[in-house]
Amino acid sequence: MKTGPLTLIAAAAALAVTAGIATLTVPGDEDDAGKAAPAAERIAVERSTLLCPQPGDTEVGETTYTSFVPGGEGDEGSAELLPATTESEAAEQQEKKDDDGKGDEGKGDGQKKDDAPDPVAPLKRAGTPAEATTDEAEAPALVGTAHGDFAPGWSVQQTTLVTAGDGRGLSGARCTAPDSEFWFAGASTIDERRDYVQLTNPDDEAAVVDLQLFDKDGPVESEAGNGIQVPARSSVSVLLSTVAEEPSINVAVHVAVRSGRVGAAVHAADEQVGGDWLQPVSAPAPGAVLPGIPGDATSVRLVVYVPGEDDADLAVKLAGPNGSITPAGYESVHAKSGMTTAIDMQNLTKGEVGSLILEPEDGSRTPIVAALRVTRGKNTEQEMAFIPSATPVEERTTASGNWPKAASLSLAAPGKAVEVKVTASPGSEGGEPAEETYTVKPRTTLTVEPPKTSGTKGTFALTVERVSGGELYASRTLETKESGIPMFTIQTLPDDKGMVEVPDAEQDLGVLTD
């Protein structure tokens, strides 16, 4: 039978603001061919989910969580983080369920209803960070949800300071949204490294995940990474060396979710150069921008993986404070299909912060996955961090969890000049906001210190807004010094996707049904 036109705005808006759909295109009738599509309405998302990985098992570490949403949207909402169930807790719950046939009252929550955990760093108002710390050796992963005015642009930073032992250093991670696929570059399964992939399931049904590793010889053959079960609202940690039969360095990791969705991050701990998080790289694309290489980096290792059938030939540029150059000795990269390619770039930045730009040569459109391992310091006083390929800041992004005199931004304009506004929030324990506007010149990287605020106490957030101009890429560096070691961590800053487009309210779609 044939029905009349159905108005899509309500359904489309609900889907977009809860599922993160950026655009919905509605086909018109044949009579409308050639006409301009009606303007889409932009609205703020109403619900956001973020997942923070398990910090790691250490007796000498402290983890700080900072939650923040930019002001201006109102204070009618909520944003909080709750502990995920650990592997051992999930096993105990399953065993009890098998024994009594019913399971725990709080099934799907990872907790009993009469034993609900306290939320971590719940937001009280927009524009002011909320902070929480823990020194628990086995602190759990966190599942976070924001609603209403606190959903658009919500960000959470997780930073762990470990002062001794393997993996000592500053490990920072942006808590990320769940998804069905992730790529990482720069992992390792050699004896000197202990790299774990952390998988967190935010939903009420179990997820099934496949891990596939690739090195300089191609796929790492193993069945151990197939069909990994991640119970509902739980986290699972997988040591990557248990997935590979032989040790490999410069490994790319593909996380593919068969059912459900998860958050994924890889923590790398090195016996010599400390530890940090490898965050997911941007989706495979023909080129890459890797922003914010420290000027005093003593070693920069580029790892490229090509997931497609064709090899990739890439031109290499370094965008510094005064322009873009071709680094001597590192003019181009030839990366073979299905394999990782690693290049050690010594003395790359020569004292000035820069961003590495990989551009396809000869019109090639072969997609790649890329990341940098950056080392600072010398001899036994070294520390490493990772910079994955980044996505551009289309409108706005936020770096949470900054400390006074310890944070800086790297703003890269690989093409045209960009005008950027940076706002420093009040501190989590008080203070006043401040903002500054900057111009990033074409093909340069601008280092920005936080705008000077008044009376800031505690951690604060830095919100970056692209005002006009070309493409903008950004990263934030946190640094401190412990026992002479220059500890640091770098996070790339993706667009916060706080606004989505939905069809105009007057636009209808005719639907035919049998």
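1. Basis. Residues are numbered from 1 along each chain as its sequence is written. In this predicted model, local features need pLDDT of at least 70 and side-chain atom pairs count only at pLDDT 80 or more, while totals for chains, interfaces and linings use all residues.

2. The sheet. An open, antiparallel sheet is built from 3 strands in the order β3-β7-β5. Strands here are DSSP runs (E, at least two residues), numbered from the N terminus, and two of them pair if DSSP finds at least two bridges between them. At the edges stand β3 (47–52) and β5 (77–83), each pairing on one side only.

3. The pair β3 and β7. Strand β7 covers residues 142–148 and is joined to β3 by 6 bridges. In this pair, C52 stands opposite L142 of β7.

4. The largest cavity. C52 also belongs to the lining of the largest cavity, together with residues including L51, P53, T176 and G263. A cavity is a set of points on a 1 Å grid over the protein atoms alone where a 1.4 Å probe fits but cannot get out; lining residues have an atom within 4 Å of a point. At least two lining residues come from each of β3, β11 (193–200) and β17 (263–270). The cavity holds about 50 Å³, a volume being the space filled by probe spheres set on the points, which are joined across faces, edges and corners.

5. The second largest cavity. About 50 Å³ of space lies here too. Strand β4 (residues 61–68) gives the most to its lining, with 3 residues. Among the lining residues are E62, D135 and E136.

How values were computed. Side-chain values use heavy atoms; hydrogens and water are left out. Helices (H or I, at least four residues) and strands (E, at least two) are DSSP runs, numbered from the N terminus. On a 1 Å grid over the protein atoms alone, a cavity is a set of points where a 1.4 Å probe fits but cannot get out, and a pocket is an open set with protein on both sides within 12 Å along at least five of seven lines; lining residues have an atom within 4 Å of a point.
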